[in-house]
Amino acid sequence: MISLVDVYTDRKSRHARGWLFFDADCKFCTRIARWLAPILARRNLGVAPLQDPRVSALLGLPHHELLREMRFLHCDGRHFGGADAAIELAKESGGAGHSCGSPECPA
C-alpha cells in the first residue's frame, strides 16, 4: 500500500494530518471543497479530488467505489466515507465541539 506520507504533502512540503477527498466532477462538492480548503489548511488538513490516480491505491479501493461518497483519510491510514467522513473531519478539524454532541449545545 502507498504511504500517505510518501504521496501527499502540502505545497510547503509539510505532511498533512489527514485528507478530505471529494468528487471533482460534482459542482456542489467542488464548491464545498474550495470553501473548506483554507479552513482545513490552517489545521494542517489537505483537500484533494477523488479522481487523482493515486487515491484508489492510497485508500485500497477500486475506482468504481471511490466516487460513491466523499472520503476522509487520517495520517495513520484509517479512512472513512460519507457521513462517517464528515464526522471524523469535524473531530480532526476541531469543529466537533460546535456540533450538537457538545455539552454546550441546547437539546
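What share of the contacts in the chain with a separation of 6 or more is accounted for by residues 24 or more positions apart? The share is 56%, a contact being heavy atoms within 4.5 Å. The model is predicted, so that local features need pLDDT of at least 70 and side-chain atom pairs count only at pLDDT 80 or more, while totals for chains, interfaces and linings use all residues. Residues are numbered from 1 along each chain as its sequence is written, and side-chain values use heavy atoms, without hydrogens and water.

The chain contains five helices and four strands, taken as DSSP runs (H or I, at least four residues; E, at least two) numbered from the N terminus. Their order along the sequence is α-β-α-β-α-α-β-β-α. Of the 107 residues, 34% are buried, that is, under 20% relative accessible area with a 1.4 Å probe, protein chains only.

Helix α2 spans residues 27-41. A bend of about 30 degrees occurs at Trp 35, with Pro 38 following within four residues; the bend is the angle between axes fitted to the seven residues ending there and the seven starting there. Thr 30, Ala 33, Leu 36 and Leu 40 of α2 are buried, and their cover includes β1 (18-22), β2 (45-49) and α5 (82-93).

Asp 23 lies in the loop between β1 and α2. Its side chain makes a polar contact with that of Gln 51 at 2.6 Å. Not counting residues up to four places away in sequence, Asp 23 touches Cys 29, Thr 30, Leu 50, Gln 51 and Leu 67. A polar contact is a pair of N or O atoms within 3.5 Å; within protein, one must be able to donate a hydrogen and the other to accept it, and residues adjacent in sequence count only if both atoms are side-chain atoms.

Terms used: Expected span 1.5 Å × (residues − 1). Buried < 20%, exposed > 50% of the residue type's maximum accessible area, 1.4 Å probe, protein only.
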